[in-house]
Amino acid sequence: MLKFLGGLAAALLLILIVGFAYVRLGLFDPRADIAVGSIESRIAMPSLDAAVDRRAGNAKNPLQPTEATLVAASKVYQANCASCHGDIRRTHAPLAESLYPRAPQFLEDTPDMPENQNYYIIEHGVRLTGMPAWKNVLSEEQVWQLTTLLSHIDKLPPQVSDAWKAAAGAAPVADAEMKGTMQARQEMPMR
Ligand code: HEC
């Protein structure tokens, strides 16, 4: 029995040393734009779900999904979340394939987590991923607004979709204006 336990301990130690060497010697691929390993995502996603489930507490959403709340949320979302998670115009975000693990695309794949868990993730972010903790940037009310938007993202009233589309359309206009400004600058006589 002792021999067996000794062998087991030695095997575990060896695994630890090999694992440490793999990471410390830089043998892993550090790029974010490679294919996401299937074993990794099969282990990571359920682990994250379990960890959030354990910690999220049972906070209740204090907001009603009124038009005003959803429109306010769509603006906060457009300014802070769209580049990674997509928006109502560009359902596939510019950075969709640029993060490891990938950011879920909420307009293509409706979020199905309970509200207390979405709230918790938005507040605190997800370690070792591109998902930031927003509690230092957004108010508690804004985070609940976003949570409410995620719960209703596949069933928004038309007035809300229209307001969101308008907010999402503002970016290219701003780009064009920027280009105009740059051109105007270039046309200025050089001294
Ligand atoms: C820089 C990119 C980036 C930005 C900006 C960003 N996120 Fe994320 N988000 C991610 C990534 C990457 C994940 C996936 C983390 C993982 O797989 O563990 C994620 C995960 C999430 C999740 C968990 C989804 C799930 O099903 O597990 C929620 C909810 C979320 N983000 C909401 C938001 C909201 C709301 C905003 C804006 C306030 C936002 N995110 C901004 C990258 C981003």
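Start at the ligand: of the 23 residues around it, C81, C84, P101, A103 and M131 come nearest. A residue is taken as near a molecule when its C-beta atom, placed from the backbone, lies within 6 Å of it. Colour the shell by residue type and it divides into 17 nonpolar, 6 polar and no charged residues. Here Ala, Val, Leu, Ile, Met, Phe, Trp, Tyr, Cys and Pro count as nonpolar, Asp, Glu, Lys and Arg as charged, and the others, Gly among them, as polar.

Before moving on, note what is on screen. This is a predicted model, in which local features need pLDDT of at least 70 and side-chain atom pairs count only at pLDDT 80 or more, while totals for chains, interfaces and linings use all residues. Residues are numbered from 1 along each chain as its sequence is written.

**The whole chain**

Zoom out to the protein chain, which has 7 helices and 0 strands. Buried residues make up 18% of its 191 residues. A residue is buried if 20 or more other C-beta atoms lie within 10 Å of its own, exposed if 12 or fewer, and partly exposed in between, with C-beta atoms placed from the backbone. Of the contacts in the protein chain with a separation of 6 or more, 65% are between residues 24 or more positions apart. Two residues are in contact if their C-beta atoms, placed from the backbone, lie within 7 Å.

Colour by pLDDT, the predictor's confidence in each residue, from 0 to 100. The mean for the protein chain is 90, and 88% of its residues reach 70 or more. Select residues 181–186: the pLDDT there is below 50, and beyond near neighbours in sequence this stretch has 0 contacts in the model. Where pLDDT is low, the predicted coordinates should not be read in detail.

Return to P101, one of the residues that come nearest the ligand. P101 sits in the loop between α4 and α5. Look at the peptide bond that joins Y100 and P101: this bond is cis, with omega about 0°.

Select α5 next. Its buried residues are N118, Y119, Y120, I121 and I122, and they pack against α2 and α6. Just after α5, G125 takes a positive phi of about 70°. Continue to L128, in the loop between α5 and α6. L128 is a residue other than glycine with a positive phi, near 60°. L128 counts as exposed because it has 8 C-beta neighbours inside 10 Å.

Move on to α6 (140–152). This helix has 13 residues and reaches 19 Å from its first C-alpha to its last, close to the 18 Å expected at 1.5 Å a residue; the expected span is 1.5 Å times one less than the number of residues. V143, W144, Q145, L146, T147, T148, L149 and L150 are buried in α6, and what covers the buried residues of this helix includes α3 and α5.

Now select the largest nonpolar core. Of its 25 residues, L70, Y77, L146 and L149 touch the most other members. The elements that give two or more residues to this core are α3, α4, α5, α6 and α7 (158–187). The largest share, 5 residues, comes from α6. A nonpolar core is a set of buried Ala, Val, Leu, Ile, Met, Phe, Trp, Tyr and Cys residues joined through C-beta atoms within 7 Å. Centre on L146, which touches A73, V76, Y77 and I122, not counting residues up to four places away in sequence.

**α2 and G57**

Which residues of α2 are buried? The count among its 18 residues is 0, and α2 is hardly covered. The helix reaches 26 Å from its first C-alpha to its last, close to the 26 Å expected at 1.5 Å a residue. Just after α2, G57 takes a positive phi of about 70°. G57 lies in the loop between α2 (38–55) and α3 (67–80), and is exposed because 10 other C-beta atoms lie within 10 Å. Display Y120 as well: G57 and Y120 are 63 residues apart in sequence and 8.5 Å apart in space, C-alpha to C-alpha.

**Last stop: G169**

Finish at G169 in helix α7. With 13 other C-beta atoms within 10 Å, G169 is partly exposed. G169 and I88 are 81 residues apart in sequence and 9.6 Å apart in space, C-alpha to C-alpha.

Note on methods: Helix = DSSP H or I, 4+ residues; strand = E, 2+ residues; numbered from the N terminus.
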